Amino acid sequence: MRRLITTAAVATAAALALTSCGTTEPAADAAAPKKQDKAITLTDASGTEVKLDGPAEKVVGTEWHEVELLVSLGVDPVGVADVKGYKTWDQAVPLKNEPKDIGTRGEPSMDTVAALAPDLIVASTDLPPAAVKQLREIAPVIEVRSANASDPLGQMTKNLDLIAEATGTTERAGEIKKDFDNALKEGAKALADAGLDGAAFAFADGYAISRQVSLRPYTSGSLIGAVNERLGLRNAWTVDGDKDYGLGTTDVEGLTELPADVRFAYIGNDGDKSSTPFTGALAKDKVWTSLPFVKKDHVHRLPDGIWMFGGPVSMERYVDALVGELTK
Amino acid sequence: MAVTAPPSVARPTAAASPTGTAAVTAGLVLLVAALAVVDITQGTADVGAGEVWKALTGRAGAGDTSVVVASRLPRAAAGLLVGAVLGMAGTALQAVSRNVLASPDTLAVNAGSYLALGLAAVTGVSLPLIASSGIAFAGGLVAAAVVLGLSGLGAGTVRLVLAGTALALGLTAVTEGLLLLFPQETQGLYQWNQGGIGQSGFDGVLQMAPLAMAGLAGLLLVARRLDALALGDDAARGLGVPVRATRVTAVVLASLLSATAVTLAGPIGFVGLCAPALVRALARRAHGLTRTRGRLPAAGLTGAALVLGSDVLLRTLVPSDVAVAVPTGVVTSLVGAVFLVVMAARLKDTAEAAPPDRLRIRGRAVFLTTTAVLAVLLVGVTVAAVLLGDSKLLLGDVVNWAQGRAGRGVSFVLDTRTPRVLAALLAGAALALSGTLVQAVTRNPLAEPGVLGVSGGAALGAVLLVTTVPMAGSWGMAGAALAGAAVSSALVFGLAARGGFGQNRLVLVGIGVATASTALIGLLIVLTDPFNATKALIWLSGSTYGRTPPDLVPLAAVLVVGLAVAVSRRTELDLVSLDDDTPRLLGLGLARGRFGFLVLAVLLSATAVAAAGTIGFVGLVAPHAARALVGRRHVRVVPAAVLLGAVLVCTADLLGRTVIAPAQLGAGLMTAAVGTPYFLYLLVRGRRQGR
């Protein structure tokens, strides 16, 4: 043991000698003067006033909702948390560049973000306050509340406008909002024409881990729940959702609480085996197979890659897919 | 610290009253049946007692019937099976090891099974249930073999539990690391990782039941030999019992039983420890239960009652749509923990204080070289931690930064990285010092802020504050952690103080409080912020993420005070750690000194938790290692332990930040993963020296 520790110490000393001196970047000289003519001041979701020298171009996004908004506004982020996950779950708004992976959405790596030297960081209010404080040392940060169950659509629009303002893409944001409104109107009309106005509808996703299935009902407070209501559908879930995402928790039994005439839709992902219990673990579950809406084949799988917590573009894709399925 | 079975076990009396045993068994059967019936009427579907009755008598609609048949009955059956096998496995392991602390949890059997399943899951091959139970069996068996092999069959029982808990911590850390490395399913896995008995149909239960029956039958066959083992190895040999073969058989069977439970429901904690303990209490009434053959079924029934009871309790107390989000394992842990604390407080603790580790006396030169070498290591690790990360730096960058001349990129990186490195260093040092103090005061080699529930209480306090006041500052956090730690340590030390810190009682109460606080933290996060798994992980696994310099001030202040006190009162520490009598003979106020050191230890671990979450293991490993390296005198142990603790956590944090960069693993996980092999090595080495 002692020999081991000594060896380690000698090796350490050697390594120290070898790494001494040398820098990875030259020492800073006097900072170059920045242009102040197009300065932007805005207030983010945490109430903090953020000052930008001008419309941000090198932007980092820590949560997929914000990344999607950036991409749909035409701003290609230089850093994105969990790039692989984004590519799996948000194919509605694919990344157009190859951004640097900054780590997980919950704990983005400060080192990596700092090394990117962004001029704006779009963070989620879900990040720990201490982490946001550190990010503010790196670059201006706008905190965005990714979801708000008391007004999901309003929050989404607010987020879009905030990010558009920071990146100088307000015009594009206007187009996106108009397209989304049109999609909602057309979708509602198509559903009404098919006699589905006011129909009972339930959207969920689920996970099956080691034969145990848990389902997440999307209540009226969820983004998708709000879109459904704008389409004239009636949310059939009776469970309560959380205060941000409007998601509840239930198991297979809980589905028996849904009315018999309900239409049921879900989004899974073939890239994530645990996320599609409806075709896997439940296929043999007697509770599931004896549900009236399962028997009537009123279960709809919507295409993979429509991000349930995304922005207007994901929701537009969702409306198209759902209306297509229900009026088939 | 010979944790022996009560003497009544050693002498199975001829005067056993069959009526008492029958009555107790009948009572248990009734209890389990009643709990199962209540359990069947509870769930998210609107299927209550009336509907269940109709469904069972074939008069209900197809929907209600399917709920009862495909969801309720399987869940109750799974609860029954899982509880029963865990109870029996615990009984067998306790008999084999003559140790009331032995259980599938404390001998790492469950952790081994869980890791094996995690490894299998990572390969992405979906296996049939029976194959996964085979994998779980292999994992549990290997873990049990390692623990029993390292500790020496029948050798010191302290060593057994030390090796077991250490390996369990390490294995669980590796498993959790795997979950983080392959994060697609973290939400579900996090829940499963607590254990849940919900089932989709009867398949699982039906496939596992034969394995459980086989395990039970096997154990009943060797039951007589297990009774003989209780007399001691030599006596058993004298009776013609093949000691080694009996041990191996019983451990294999117990591993098989726990593997079926883990396969079916994930790691449901504590049942294997509690059920046998409860049966021991019942055995005072019914002497038939003092024999393994009577005890096994009784422990099975008690285990089943514990699991079903927890499930019923959960669904009675919280609305059904919330209850499904809470894993049953959380509740068994809570129920089990409360129960364990109560039991331990009433336990007649006959175990004597452990003889001090017999260690070679080290010379002054050895101490000086060891300390010097450790100091060089500390500097090296610190420098490496500052230079390495997602972006590699060179020393010149650091020099520029220190002089305020660094470029933008380097400044950013170092501004965020140095507080983390400091947090790891300080937390490691503080936990090591805290562990040293606690081990000295309690003279208990198992004592450690984590094991004793002090860290858990601190984390619970901090989490309570974070969930109620999201913008809490660093002093607020330290205060909340301290309040939590104070409550938990008052509970633990208060209950254990009766009759002088009884060795077993202290650790039992501590484990109980630690488990309860972990379960409560899990519960709190599921109930308040269900979709923020990261928050849970920071508090449960220790993380230096997002630390800023002000967060470290309370910790640094307490550490300075702690070191000053420890160094100035070093002689008193030496005396306190020796035995009860010497300090008294010398006229020292033992109680007051002990209390002071304990308060200091609590302060240290609470501030460490506020700064870096619950990092287990350091408090256990560092003092042990320090004593092995420099001898027993605290003037030498304290600096060595503090240096070791800082090196250990800093290394762990460095690895956690770089191995899967830019994603990161909690320092707590890495500490356990790094600390376990070393700790096991220490155990082996101690054994080779012929302790």
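What share of the 328 residues of chain A counts as buried? The figure is 56%, with buried meaning under 20% relative accessible area (1.4 Å probe, protein chains only).

This is a predicted model, in which local features need pLDDT of at least 70 and side-chain atom pairs count only at pLDDT 80 or more, while totals for chains, interfaces and linings use all residues. Residues are numbered from 1 along each chain as its sequence is written, chains are lettered from A and ligands numbered from 1 in the order in which they are written, and side-chain values use heavy atoms, with hydrogens and water left out.

Chain A has eleven helices and twelve strands; these are DSSP runs, helices being H or I of at least four residues and strands E of at least two, numbered from the N terminus. Five strands of chain A form an open sheet with parallel pairing, in the order β5-β4-β3-β6-β7. Strands pair if DSSP finds at least two bridges between them. At the edges lie β5 (100–101) and β7 (141–144) of chain A, each pairing on one side only. Three bridges join β3 (residues 59–61) and β6 (residues 120–124) of chain A in the parallel sense, and Val60(A) stands opposite Ile121(A) in β6(A).

Two helices of chain A pack on this sheet. Touching refers to contact, heavy atoms within 4.5 Å; angles run from 0 to 180 degrees between N-to-C directions, with axes as lines fitted to C-alpha atoms, for helices over the stretch in contact.

| α2 (residues 64–72) of chain A | β3, β4 (79–80), β6 and β7 of chain A | about 135 degrees with β6(A) |

Definitions and conventions
Buried < 20%, exposed > 50% of the residue type's maximum accessible area, 1.4 Å probe, protein only.
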